[in-house]
Amino acid sequence: MFGFAVGTFPFSVDFIEWRSRTGTQRRSAGAWRMEAVHEGRSRASLAMDAYADGDDSAFSMLYDELAPKLYGYVRRMTRIDEPARDIVQQTFMNMHHARSRFSRRASVEAWMYAIARRLTINWARAEGRRWVPLAVEELVSALRGPEEEASAAELREALFSEIESVPEKLREAFLLVRVEGFSAAEAAEVLGTSAMAVKLRAHRAGIILRPAMAKFGE
Amino acid sequence: MNGLPPEIKHQLLSLTRQEPSLTRGRALARQWRWLAVGSLVLAAGSLIRGIPATSEDRPGVSLAVVASAAFALALLATTLVLAPWRRPRSILRGTVLAVPLLLLAAGLTASSVAPDARPMGWPLHSMCLSLFAVLGGLLLAIGLLGIRPLDPIAPTTTGAALGAAVGAWVTLAVSLQCPSAESTHVLVGHVTPVLAVAAVGAALGARTLARRGRARP
């Protein structure tokens with residue numbers, strides 16, 4: 001192991017960087033610049049791969065694709081604009097600094113959300129705030145849809161007390177799957193757990209909230 | 001709810017130019033350089049006291065069991081920590097728990113093969129513990145500051161797993177030089193320090209492996 005490490009390292013930098021850069025270019029041929037989805041991965045994920053391999057121009061595109069959605073997610077948790085913007089900036093800086101650790105063929109959205117979630121939790125703890133990963137408004141929108149706006153206010157009242165009783169872990173899974181639109185596998189990456197656990201948690205949260213909705217519907 | 005002002009993007013682009021980061025290729029090359037340095041340190045640390053001959057206190061079979069288990073666990077743990085694969089964080093948490101437990105199992109197995117090993121007491125415990133402190137500190141510094149596998153999501157867990165990997169490597173080095181396979185000594189001088197190194201790794205990892213902090217305006 002020692003001999004191999006010493007013997008190959010003089011050639012490692014240029015060779016590895018050339019291989020990874022040309023490999024990315026061969027595989028995606030600039031696909032991240034043009035196509036919304038390539039080989040089953042989003043354009044943002046392909047751009048992150050390119051950025052991790054040294055294409056610095058991809059960062060601007062990453063921000064344009066991901067920042068609005070990320071801001072919405074963080075803003076829902078912080079409830080305040082200023083710290084939400086700060087956390088968005090910190091998230092992108094973390095992605096920049098840790099770009100070499102971004103796994104090939106991973107989802108950049110899940111990675112980004114996991115970083116933002118961790119930063120938001122730290123912010124809430126530093127501020128002495130109780131971190132509530134689900135806003136009533138988003139839950140109402142997710143469950144009822146825009147065509148039922150008139151009944152949304154009453155539903156909000158009915159659901160508020162029920163939401164408080166849902167454990168945080170279940171609320172988080174429900175938020176990521178039902179509101180943010182992640183697959184169970186992606187939500188599992190964000191939360192650091194298994195896809196099966198995410199499905200169970202989201203399902204259990206739905207069961208807890210269903211009686212309140214059913215009561216209102218009657 | 002207001003959106004993101006456009007100056008945030010400009011600030012970020014400016015900051016990324018001011019604070020360059022390693023690409024995959026450069027990070028991998030840096031990793032291999034520091035692994036080479038760590039290998040040298042480990043090799044030197046393994047021979048510093050010389051390898052004693054086998055005896056009733058440490059039969060050859062005992063040494064083989066512990067050394068091979070420590071080597072296998074160290075290699076596996078190092079790979080899990082450093083390779084940027086997609087893996088659940090539970091794998092890293094499992095590494096932190098499994099490495100000391102499996103080293104303990106290997107140590108007790110080795111002790112069972114040396115039923116006549118004499119209790120050595122605190123002089124030998126202290127020798128092995130001090131070797132752990134020095135070698136573990138050096139290798140942990142190489143891992144955290146040299147290789148530095150950044151993890152903005154779970155830096156504490158990654159630091160602890162790195163500490164467990166370092167602990168396994170140091171167990172290999174110490175076992176080669178330790179003249180006793182007695183069970184109490186294995187527990188005090190070879191397994192408990194692995195937990196300590198993992199704990200130090202967790203504490204330092206929280207600081208060194210997370211590039212958090214306020215983005216400057």
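The structure is a predicted model, in which local features need a pLDDT of at least 70 and side-chain atom pairs count only at pLDDT 80 or more, whereas totals for chains, interfaces and linings use all residues; side-chain values use heavy atoms, with hydrogens and water left out. Residues are numbered from 1 along each chain as its sequence is written, while chains are lettered from A and ligands numbered from 1 in the order in which they are written. B:R148 lies in the loop between helix 5 (122-147) and helix 6 (155-177) of chain B, where helices (H or I, at least four residues) and strands (E, at least two) are DSSP runs numbered from the N terminus. The phi of B:R148 is near 50°, a positive value in a residue other than glycine. Most residues other than glycine have a negative phi.

Chain B contains seven helices and zero strands, arranged along the sequence as α-α-α-α-α-α-α, and its C-alpha trace spans about 75 × 35 × 30 Å along the principal axes. Of its 217 residues, 51% are buried. Contacts (heavy atoms within 4.5 Å) in chain B with a separation of 6 or more are formed to 89% by residues 24 or more positions apart. The accessible surface of chain B, computed by the Shrake-Rupley method with a 1.4 Å probe, comes to about 9700 Å², and 68% of it belongs to carbon and sulfur atoms. The 19 positive and 7 negative charges of chain B have mean positions 19 Å apart; Lys and Arg are counted as positive and Asp and Glu as negative, without His or the chain ends, and each charge is placed at NZ of Lys, CZ of Arg, CG of Asp or CD of Glu.

Two further positions in chain B illustrate its local geometry. B:V113 is located in the loop between helix 4 (89-112) and helix 5 of chain B and, with a relative accessibility of 35%, is partly exposed. Apart from neighbours within four places in sequence, B:V113 is in contact with B:P59, B:V61 and B:S62, while its C-alpha atom is separated by 24 Å from that of B:S126, 13 residues apart along the chain. B:L195 belongs to helix 7 (residues 183-208) of chain B and is likewise partly exposed, at 47% relative accessibility; the C-alpha atoms of B:L195 and B:A141, which are 54 residues apart along the chain, are separated by 17 Å.

Chain A comprises eleven helices and two strands, in the order α-α-β-β-α-α-α-α-α-α-α-α-α from the N terminus. Buried residues account for 55% of its 218 residues, and 62% of the contacts between residues at least 6 apart in sequence join residues at least 24 apart. Chain A exposes about 10000 Å², of which carbon and sulfur atoms supply 54%.

A nonpolar core is defined as a set of buried Ala, Val, Leu, Ile, Met, Phe, Trp, Tyr and Cys residues joined through side-chain atoms within 4.5 Å. In the largest such core, of 53 residues, A:F92, A:M95, A:V108 and A:W111 touch the most other members. Elements that each supply at least two residues of this core include helix 5 (81-97) and helix 6 (108-127) of chain A, together with helix 1 (7-18) of chain B; the largest share, twelve residues, comes from helix 4 of chain A. Not counting residues up to four places away in sequence, A:F92 touches A:F59, A:L62, A:Y63, A:L66, A:A67, A:L70, A:M112 and B:L12. A second, separate core of 41 residues includes B:L103, B:L124, B:A164 and B:L209.

For the complex, the predictor gives an ipTM of 0.85 and a pTM of 0.79.

Technical notes:
Buried means under 20% relative accessible area, exposed over 50%, partly exposed in between (1.4 Å probe, protein chains only).
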